[in-house]
Amino acid sequence: MERSFAREIESLKLGAGETFYGEGILAVTKALLQSGVTYVGGYQGSPVSHLLDVMVQARPYLDELGVHVEACTNESSAAAMLAASVMYPVRGAVTWKSIVGTNVAADALSNLASPGVMGGAVIVVGEDYGEGASVIQERTHAFAMKCSVWLLDPRPNLPSIVSSVEKAFELSEASNTPVMIELRIRTCHVQGSFEAKSNRAPAISSRALQDEPAAFAYERLAHPPATYRHEKLKYEQRLPQARQFVLDHALNEFMGPKPVRTRPGIVVQGGLYNSLIRAMQLLGLADSQGEPQLSVLVLNVVYPLVPEQLIEFCEACSDVLLVEEGQPDFIEQELATHLRRAGVPTPLHGKDWLPMGGELTSEVLASALQRLIPDSISSMAEVLKAQEIAAEMLGELIPARPPNFCTGCPERPVFSALKLVEKEVGRVHISADIGCHSFATFAPFSFGNSILGYGMSLASSAGVKNFSARRPIAIMGDGGFWHNGLLSGVTSSLLNRGDGVLIVMKNGYTSATGTQELVSSPLEDVKVKAQGNSATGSELTIENTLRGMGVGWMKTVHNYRVSEVQATIKEALSTDYPGLKVIVAEGECQLERQRRIKPLLAAQRAKGERVVRTRYGVDDATCTGDHSCIRLSGCPSLTVKPSIDPLKTEPVAHVNNDCVGCGLCGEVAHAAALCPSFHEIRVVSNAGAFERFVARIRHWILLRWMPA
Amino acid sequence: MDARVIARPYAVVIAALGGEGGGVLAGWLVEAARRSNHWVQATSVPGVAQRTGATSYYIEWARREDGQASAPLFALSPTVGQVDVLISSELLETGRLLERGMVTPSTTTLISSISRAYTVVEKMAMGDGRVDGEKIQRAGRALAKHSTWLDMNALAAEHGTVVSAIMFGALAGCGVLPWSIAVCHEVIGSGRHAKASIAGFNAACQMIAASSGSQIAGALASPVQVSSPDPLLNYYKIVQLGRERLTDYQDAQYAELYERRLRDLFNGDVDSKFALSLAPEVARRLALWMAYEDVARVADLKSRASRFAAIRREAGAGERDLIEVREFLKPGVEEIASVLPASLGRWLMNQKDKRQWPATGPAQRLQSNGLPGLLLLRALAQARRWRRSSLRFAAEQAAIEDWLVCFKTFWSLSTRGSSEISAVPSGVPPQVAPLAVQVCQELVRMPQLRKGYSDTHARGLSNYQRLRTTLLARLLEDPQAIEPAALAAFRAALDAALSDPEGRALEKVLGGEGIAPLPAKGKPIFWAKRVSRHT
């Protein structure tokens, strides 16, 4: 794993009265332990990766408590794990990135929600919405509504988050319903503190085994005719129970003064509370501590709504502004229905004043508030002026800086090779996938005709290949392969005797999310032996699996041999072989390799052993500044600098000191017959006396031949 | 200011690139705030930006008053116009936040690095795609309450640390942190890298504090002046450099030819203000073109003692370290043929066609500071002796002469030896002269197309020919009747060819001018056999 959580694990052990300092998502982890969970699972993805990562690393401690941790292979298996709480009074929690994770989990989620749960079942979803998001912009809210699963959206501070998690288990048990908690990106990463409670060892656990399985109970299966009864239970029993719990435990909060008929009030999703208050401060509607001067109803539970609570609040206000993020406006629609049925005449504002999509930042909210309270102060004039001056002085827009393959990433060479193949055979339809390799959709590669989800690339080319003169290529990471790609892509292609080409990036980990382990990750002893070299070469789980399934054309290539990768792709595109062609592009994630090799080299150097460091360089004098090398690589360490030649005004290519010596520059220079400016430099430290002597003689001879 | 304006917590935005330790800096600030009796909150949107993308951190703090039981409300994202400090480790990222309105004159102290990490789109441009950093600095100065500029990367490198330590020191040096330097040192701690971090912290802190006040360190940010302010001096400097370059490239006689060409062009009249607007650029381009990179030149440049010394320096090799330098060479048949004496070269090219040799030979990894490698390079460098009789030389000289003739044609329309543009040659319609100057300005850019090696060079060359035989040929048909539209088309086509190395953009512009596209090049038929599904 990319990051070590040794310090964070210690804060998971804090006892009652001690103060926990840390990230929002790790506060959730601690809250789970305080709630006495029996099991935890999930699938990594920003912004909730750390929840599970820290638990995986904390396994020895969790074993002491009897808590089981499962690093699930996808969200579907994580959701299915919650089945343990259907028939047993055990608490469990799972986590994933939403909306995509919830989509993958949808089947299990429905089947879980239908019979309902006995023990508390909590799903922590990272609502990947707005700035910094990496997925399609949709709301998890829709899933909560259609499955009848409750959805919490707590105020974004650690004490509120922790108490929400604890209450979520109680709510789940009180209403026999799984509960989701949505946490936005910045909330997951917020640094704060809360007063800890002691962790609770679960009553039924890996340390306190249960002797007998649960008795057979057909009515707890998601199977007809039980499902008909489940549907009825959802609205006849569980919903009223949940609403009662929300009221009894005051999960929604009233802030500011008591509502009065002469003043407007605001209803807000808990997660947006801080942005709302900051906006109110800007307009002089809240004090410096954050106490609002208007009545605010904070919905920490956004589904279900409690009609009587809302009606009472709205009735007491002159106008109501509903602050709801994203679309469709589910809360507004429901609230409007409740008000209409109850005959409440209070005007309701929401999406008529707020944007339908996008994050509701303080500046967006401020403009809506200004319509609500027209005599509030305006502070935006200076900002608009500043933006205007900036636009005028900067001229063109600042170019974007999307994420890129890391320096030395083994996936970059595959795309360099693909670019060279396209030069020979023409453009090819490329189905892209989710993972680091999706960075190839950015410059300089700009590859990919579709992205249809994690592990879906091969499946998404199934329709295309039938009407394409050239075979389409699907690209998939090993993370996507095990998440979904093997089944929805490979098996389907084999069943239908598909003719496409699949490139599997075998880098050994789910790298984009923080190099979590896969079933095909290289084993520890292999990594130790490999030292700084790729450790994925000898790991054959993917190849063996594919062979076992009947893939007849499969080649493994090492990514850095660009010419070889190029030739293999070309062969896959042109061979007479009729079925699926799989190229396993092998090269271990550079982050993992660097993590191993850096201490290793430092130790060798300290011990005075011979150490060879490799890096690349570009000759200033021969570089013509056309940058074709950069168009085939995009490596962060291959950059430009002003030429030292006063006759050349254009910047020349330059390899900076971040170079890890991966060798791509040289390979590309060769494969593309690019330019003679590249050279490899090997710096040998601590060479022996004899080696140095020979080198000195050689240098002496060479100097006779070298002009100055 | 409106009396109702509410005090809010102090707001700090950190703009950084993934992997620069922005998270570490945020952690230090949070820890220091806690230790010095402040309420504090920090958050970020790292996501996949950890992989070298742009990223930002946001921190708010407020002094913990006596008897205050709970923290004030903190926001999770910066609000435009409400940022007290913006610190950025990269100049373009500073520009991005300026664009968003994060820096406002009444509120924001701006601390920015002047170092650049170029974005891919800037780097991959055919020529110079870099954003003008000066512009960003000017905007920053205009918009910030105080602004401080320093080269954070250079400082970090100097002290063997990462940018986060420099940023922390810069914040302390600017006096925006409500706690002592001792507290900063304390939170940096005593870990493995702490010593270097503290050294970097102190250096940045002192550099800023020493330059007293707010607008400091700005002097550091002025760009390197390459050209002389006096254009005539500049011109002679370039001619001097050109002469040296060509003597080194070939011999004194060749340098002589260079000067003669320039003399012919400007009729010894370069010192007019008008001629000087173009002459330095013409001299520069001509020198570079005449010193075109062939195998002999590359081999010569790669086997010099000064080069190995420079490589040693750049790689940071210690005195006792040994270096091995390996070259990646893959000379094509055509490149070899082009430096052989013309007859031999032609024979080789015929053989290539007859025997269908591949375009490039086997890839060579040559140790240039080894004996066999160096001797081979020196041997190749000797081809310079018969360069004058080589195929490539003849072709390049013909192209140069043609370019000079074109240039001269339009140049003579715009001026006639006299000093100012108003002196239009007799018989030339007055509206033509300014247009002719503009044609010259475009013509000067044309040799840029011919750069690069192998495929890149071939594509550039064909774009050059294409432009020469189409829109430039049209302009030459009747130079005395330049149409503004024809000039604009020529300029657009040149822009297109320079920005898109594949030549597709060029063809699009040409198509718009009613010029038929080139016949599609023969490409091997690519056959993927269909599988019958009905067997």
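Is B:Asn37 buried, partly exposed or exposed? With a relative accessible area of 37%, B:Asn37 is partly exposed, a label for whatever falls between buried (under 20% relative accessible area) and exposed (over 50%), worked out with a 1.4 Å probe and protein chains only.

## Before you start

This is a predicted model, where local features need pLDDT of at least 70, side-chain atom pairs count only at pLDDT 80 or more, and totals for chains, interfaces and linings use all residues. Residues are numbered from 1 along each chain as its sequence is written, chains are lettered from A and ligands numbered from 1 in the order in which they are written, and side-chain values use heavy atoms, leaving out hydrogens and water.

Most residues other than glycine have a negative phi, and most peptide bonds are trans. Back to B:Asn37, then: its phi is positive, near 60°, and it isn't a glycine. You'll find B:Asn37 in the loop between helix H1 (22-35) and strand S2 (38-44) of chain B. Helices (H or I, at least four residues) and strands (E, at least two) are DSSP runs, numbered from the N terminus. A:Ala250 also has a positive phi, of about 50°, and sits in the loop between H11 and strand S9 (253-255) of chain A.

Chain A has cis peptide bonds to look at, too. One runs from A:Pro224 to A:Pro225, with omega near 5°; A:Pro225 belongs to the loop between strand S8 (191-195) and helix H11 (226-248). Another joins A:Tyr303 and A:Pro304, with omega about 0°, and A:Pro304 lies in the loop between strand S12 (301-303) and helix H13 (307-315).

## Charged pairs

Side chains of opposite charge can pair when their charged atoms come close. Over all chains, the structure holds 67 salt bridges, each one a side-chain nitrogen of Lys or Arg within 4 Å of a carboxyl oxygen of Asp or Glu. Take A:Lys570 and A:Glu424, whose side chains meet at 2.8 Å, N to O. This pair links distant parts of the chain, 146 residues apart: A:Lys570 is in helix H22 (residues 562-574) and A:Glu424 in helix H17 (residues 412-425) of chain A. A:Lys570 is partly exposed at 31% relative accessibility, and A:Glu424 is partly exposed at 29%.

Some pairs are buried. B:Glu327 and B:Arg307 form a salt bridge at 2.8 Å, N to O, which connects strand S7 (residues 322-329) with helix H14 (residues 305-314) of chain B, 20 residues apart. B:Glu327 counts as buried because its relative accessibility is 0%, and B:Arg307 because its own is 7%. In chain A, A:Asp626 pairs with A:Arg631, their closest N and O atoms being 4.0 Å apart; A:Asp626 is buried at 6% and A:Arg631 at 10%. There's also a network of salt bridges linking A:Arg401, B:Glu90, B:Glu93, B:Arg96, B:Arg116 and B:Glu122.

## A nonpolar patch

On the surface, a nonpolar patch has about 900 Å² of accessible area together, and its residues include A:Phe690, A:Trp700 and B:Leu371. Such areas come from the Shrake-Rupley method with a 1.4 Å probe, and for residues only the protein chains shown count as cover. Patches are made of residues with over 30% relative accessible area and no salt bridge, with like charges joined within 9 Å and nonpolar side chains (Val, Leu, Ile, Met, Phe, Trp, Tyr) within 5 Å.

Helix H26 (689-705) of chain A and helix H17 (371-381) of chain B each supply at least two residues of the patch. The largest share, 7 residues, comes from H26(A). A:Val694 is in that helix, and counts as partly exposed because its relative accessibility is 37%.
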